[in-house]
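Here is a brisk report on one model. Have the coordinates open while reading.

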Amino acid sequence: MSSHQDRAGVKAGGAKARLYARRQDIFPRAVDGFYRRLKWAIMAVTLAIYYVTPWLRWDRGPYAPDQAVLIDLANRRFYFFSIEIWPHEFYYVAGLLVMAGIGLFLVTSTVGRVWCGYACPQTVWTDLFLHVERFIDGDRNAQFRLKKAPWGPAKIVRRVAKHGIWLLIGLLTGGAWIFYFADAPTLARALAEGNAAPIAYATIAVLTATTYIFGGLMREQLCIYMCPWPRIQGAMLDERSLIVTYKDWRGEPRGHGLKRDAGAGEKVGDCIDCNACVAVCPTGIDIRDGAQMACITCALCIDACDQMMAKVGRPRGLIDYATLEDCKAEAGGAPPVPIRRTVLRPRTLLYFGLWGAVGLAMVFALGVRPRLDLHVAHDRNPLWVRMADGSIRNGYTVKLRNMESRPRDVTLAMEGLPGAAMWGAMQEEGERSSTLRFTLPPDQVSEQRIFVLAPAGEGSRDFTFVLSANDREGGQDRDESKFERPEEQP
Amino acid sequence: MTDKKNDPAANPLGGPQSMGHEWDGIEELNNPLPRWWLWTFYATIIFAIAYCVVYPAIPMLNSATQGTFGWSSRGQLAAETAKAEAARAGMMAQLAKVDIATLDPKSPLMRAAVEGGRAAFRINCVQCHGSGAAGSKGYPNLNDDEWLWGGTMADIRQTITHGIRQPDDAETRTSQMPAFGRDGILPPDQIDDVVSFVRHAARLEGNSASARRGAGLFEANCAVCHGADAKGGRQFGAPDLTDAIWLYGGDRDTLHQTIANARYGVMPAWGNRLDPATINMLTAYVHQLGGGE
């Protein structure tokens, strides 16, 4: 096509093509109902978890922090109640990510986008911000009016109050975040006294800004244009996944008033086209257009529609959680499929099995993981040193990892190297012996350089270092190494 | 599809509207991008322009544009190096003053000295002594327990500071082995006898008539420095000839060559090149390699 025709085509379309669209203001109306109350409960629980968790204490003895959940970046430890994760155990995080991935499949294939609708921080905080907005400005219609009203003292006061509260919520949100990374009471005191680390203030500032912008200003724009989740989830839904859907076989054709419709004697559906579902939608869509990406399945349209149906004396559930298969069956007159049949099916059971297996494997691995760890590195240069008396000395760097939060007394011994003696580089050579004792500091890796001396002999030899704890709990770790010897004599 | 979705009038947002492009029945529709997205895009352009102004960005003939901030990677390195040096200035001042020989081996200052010495060794010493300090032919292995001039901290410090056989340094370690063959002091067959004696003393070969003849020659010519028992003497830097360590080699040919032409190993005097702190750090590092006395 030539460019001439392109232009002609746009003109033929009637209106001027707008390549960029302004965000349409959305003022969702308040609604009450089962799902609204469920959302209240979930909001309360999730926000409570978020704000309270850093303040929970967990006694780990004198050598470890007593914060129940702590991501200690400076010391590279992650504490989660009785579990302590070291950097070399990062595979647990990988395992959690695998579980999250399978969990996404599991949840989406059973109950659709419940994450988006109920638990996503964007949803929870947007919901909170919407309530603040209604508290200050009034409900949907009042908000419309206020927006159109000219600027005056009343409007300014309301706008300042609303944005002020939003910023305050943002500040508290960002403020809570940093407590996960440091001892919460100490940091709170430092913050109040103004001598916390600059990074703490910077983090609060950034998270205050993002909370305010995402929850107050962008809201559904984040879900529709920025978030990959709706796209991924859309690909994982099937015709047996629960989605929020409008039962058009029951609703259409839409009526416009009970009396008028009844008088006209035509067949009318249950939908009275009251637009209540549209008015309450936080993403500003019309669910009656069918399942769509912008629908976060918050189910508020179900509450709104159920209220209307009750008022006009029709059964509830014109808009409802249903699977596409159900809808088809119901449209054909068949009874709805019981919920256990949509939830318990091979696909979801398989996902649940995989998810549970990964979880059990991680729990098992956590249960049996060693708490004492030995790692031996042979000197690379020089491989061996010939001493004046002809014997051969090798150097090793030994890492002794005590993962318990108490000091431990350990013995390092050698197996398979006859006639050998060792000593620590910091000891006098005269103190050489067949074993070495160390007191390992709690919750640390201690690095020791040791020398091993053995008579000159034929070639190199594999042998084993054995680290044993001397306390009641015991425990042992072994590491293979090599004793290098020159092939030729001097 | 001719449903309401493609009818601009039916959609309050005004789209999707046909752009008038169509290929094999596939139409290009207009789903307007959010305007804030456009502003974000403009913001990145403004950021890019500002970045090009304040930071080095546009390649010119000799170098890139300087940028109004005056930032350069070299300058950043210099600033960071200066900062690091300022941070360890106190420790370096301490290390320059401290008597390294009496410093507690477990003290933090000693640990700092060893690590600093490791770095200084890499720069100044590896050319001869090797990166593992294991030396090579003619260059002593610093890991072992044989020392030509002594292996205490004080000895090592003295050797590093004043070097070996440095004519310009009054306190340098010095001695000179005669070139017994080249200077005609001993004929080749007598040198062979001395070789036999030395190898016998080092338990590399059994006793022989040659070795017995060499014993007398050794006592007359070599024992002054190497000692009657051939165990060497540190005041002359004369190596122990009975142990398992050979600086140049313990085979007959090498020993013959050593006796005939003598050896004259040298080491620079670092006292006038390195500051006292660095010399102390090198001393501590060499001492802890495993052979320190």
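In chain A, residues 1-14 keep a pLDDT under 50; pLDDT is the predictor's confidence in each residue, from 0 to 100. For this stretch the model has 18 contacts beyond four places in sequence. Two residues are in contact if their C-beta atoms, placed from the backbone, lie within 7 Å. Chain A averages a pLDDT of 88, and 93% of the residues score at least 70.

This is a predicted model, in which local features need pLDDT of at least 70, side-chain atom pairs count only at pLDDT 80 or more, and totals for chains, interfaces and linings use all residues. Residues are numbered from 1 along each chain as its sequence is written, while chains are lettered from A and ligands numbered from 1 in the order in which they are written.

**Helix pairs**

Helices (H or I, at least four residues) and strands (E, at least two) are DSSP runs, numbered from the N terminus. Axes are lines fitted to C-alpha atoms, for helices over the stretch in contact, and angles run from 0 to 180 degrees between N-to-C directions.

| Helix | Partner | Crossing angle | Axis distance |
|---|---|---|---|
| H5(A), residues 121-137 | H9(A), residues 198-218 | about 70° | 8 Å |
| H7(B), residues 188-201 | H8(B), residues 209-221 | roughly 100° | within 7 Å |

H5(A) and H9(A) are therefore roughly perpendicular. Angles under 35 degrees count as roughly parallel, over 145 as roughly antiparallel, 65 to 115 as roughly perpendicular and the rest as oblique. H5(A) contributes A:Gln122, A:Trp125, A:Thr126, A:Leu128 and A:Phe129. They meet A:Thr211, A:Phe214, A:Gly215 and A:Gly216 of H9(A). This contact has four nonpolar, five polar and no charged residues. Ala, Val, Leu, Ile, Met, Phe, Trp, Tyr, Cys and Pro count as nonpolar, Asp, Glu, Lys and Arg as charged, and the others, Gly among them, as polar.

H7(B) and H8(B) are also roughly perpendicular. Their contact includes B:Asp192 and B:Asp193 of H7(B) and B:Arg213 of H8(B). By class, six residues are nonpolar, five polar and three charged.

**Sheet**

Chain A has an open, antiparallel sheet of three strands, ordered E2-E3-E4. E2 (69-72) and E4 (83-85) are the edges, each pairing on one side only. The twist averages 10° from one strand to the next. Four bridges join E2(A) to E3(A), residues 77-80; two strands pair if DSSP finds at least two bridges between them. A:Leu70 stands opposite A:Tyr79 in E3(A).
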